[in-house]
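Here is a short briefing to read alongside the sequence and the model. Have both open, and let's walk through the fold, a helix crossing, the salt bridges and the surface.

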Amino acid sequence: SVLGMTQTGVDHDNGAKPADPGWTGESFVGDYVSLLKPRVMSLVVFTGLTGMVVAPGTIHWVLGLVAVICISIGAGASGAINMWYDADIDAVMKRTRNRPIPAGKVAAGDALSIGVILSVGSITVMALAVNWTAAALLAGTIAFYVFIYTMWLKRRTPQNIVIGGAAGAFPPMIGWAAATGSVSLESIALFAIIFVWTPPHFWALALYRSGDYERAGVPMLPVVAGLPETRRQIMIYSVLLVPVTLLPWYMGMSGAFYGISTAVMGVAFLGLAGLILKEGDGPRATKWAKSLFAYSIFYLFLIFVLLVVDRFVTSGVA
């Protein structure tokens, strides 16, 4: 999701049969890289970097680079541990069955070892090179994603995404802490944006992947509460999301450029959520769900781009 919480849902179904997760097979560099969920990592890195850029004060570019690398490695590490733990359900889901472990390209034990080593390494370097606050937040994020979301919530409750979304919301706080050595209301506002964004983002995916989750025994909201309730929840969280994205404007972190642009994008988000709710089980239900899922990724990315641009525009004017 952001730290393992945002997935593209792209299929790579070549008809191959999932192999035994414990089988070593022939492993290549690319397979090990894919353990780190590089697409997820890229969004994590960007939101973390945004937190660092919009934070007050300055950080030496070398320390900033170290912080970003630590955030990216920590995200990748938690992704590898997640793949190790979820290898059994990944093997039965069409969207994930060709991941390295179920496909037999990487041994489960190797994935776990890589995840643990990179986790410890990223936290240690963050603590020694940057500051202990950022390191503590990074450690907490990895632990939350692995133990709270992956091992506890994911297979037990339809609220897995709601609560587990916290893991994906921490990177901008880590970036902020790297630059300032502290946590503030402003960094919590950045956390809140991703936290509230996560449920409608994932539930849009789950609307057209509910069969996958049902086969794997994952109690996603559509499986437990049904599609109509999921559509209603998407609408509710979308309504909550729009004012939350405006928090940086309310709090004076950004100016009118950010506020107006974000409001316009929020209206589009609400429009897609409304189409999903209105369409119900109609012929275009899958189309609108896929559209909201794709737009939600662009939406979050652009919000953080706008925060950075607004910061530089405001600084330039000042």
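## Briefing on the fold and its contacts

Read from one end of the sequence to the other, the protein chain runs α-α-α-α-α-α-α-α-α-α-α-α-α-α. That gives 14 helices and zero strands. Please keep in mind that this is a predicted model.

**Overall surface**

- The protein chain has 318 residues, and 53% of them count as buried.
- Its accessible surface comes to about 13,000 Å², with 69% of that belonging to carbon and sulfur atoms.

**A helix pair to look at**

- Helix α2 (residues 38-54) and helix α8 (residues 171-180) have axes that come within 7 Å and cross at roughly 40°. This angle makes α2 oblique to α8.
- The crossing of α2 and α8 is right-handed.

**Salt bridges**

- The structure holds eight salt bridges.
- One of them pairs D88 with R155, whose closest N and O atoms are 2.9 Å apart. Because D88 sits in helix α4 (residues 87-90) and R155 in the loop between α6 (132-153) and α7 (160-169), the pair ties together parts that are 67 residues apart in sequence.
- D88 counts as partly exposed at 44% relative accessibility, and R155 counts as partly exposed at 28%.
- R232 and E229 also meet through their side chains in a salt bridge, at 3.0 Å from N to O. Both residues belong to helix α11 (residues 227-245) and lie three residues apart, about one turn of the helix.
- R232 is partly exposed, with a relative accessible area of 42%, and E229 is partly exposed at 23% relative accessibility.
- R284 and E279 form a salt bridge at 3.7 Å, N to O. R284 is partly exposed at 44% relative accessibility, whereas E279 counts as buried at 16%.
- Salt bridges that share partners link D86, D88, K154 and R155 into one network.

- V183, L185, I188, W249, Y250, M251, I260 and V264 make a nonpolar surface patch of about 790 Å². The elements giving two or more residues to this patch are α9 (185-216), α12 (247-250) and α13 (256-279).
- Y250, one of the patch residues, lies in helix α12 and counts as exposed at 53% relative accessibility.

**A buried methionine**

- Is M265 buried or exposed? At 10% relative accessibility, M265 counts as buried; this residue lies in helix α13.
- The C-alpha atoms of M265 and I303 are separated by 8.7 Å, while the two residues are 38 residues apart along the chain.

Notes. Residues numbered from 1 in each chain as written. Predicted model: local features only at pLDDT ≥ 70, side-chain atom pairs only at ≥ 80, totals over all residues. Heavy atoms only, no water. Patch = residues over 30% accessible without salt bridge, like charges linked within 9 Å, V, L, I, M, F, W, Y side chains within 5 Å. Areas by Shrake-Rupley, 256 points an atom, 1.4 Å probe, with all protein chains shown as cover. Salt bridge = Lys/Arg side-chain N within 4 Å of Asp/Glu carboxyl O. Helix = DSSP H or I, 4+ residues; strand = E, 2+ residues; numbered from the N terminus. Buried < 20%, exposed > 50% of the residue type's maximum accessible area, 1.4 Å probe, protein only. Axes fitted to C-alpha atoms, helices over the stretch in contact; angles between N-to-C directions. Parallel < 35°, antiparallel > 145°, perpendicular 65-115°, else oblique. Left-handed = near helix turned anticlockwise from the far one by under 90°.
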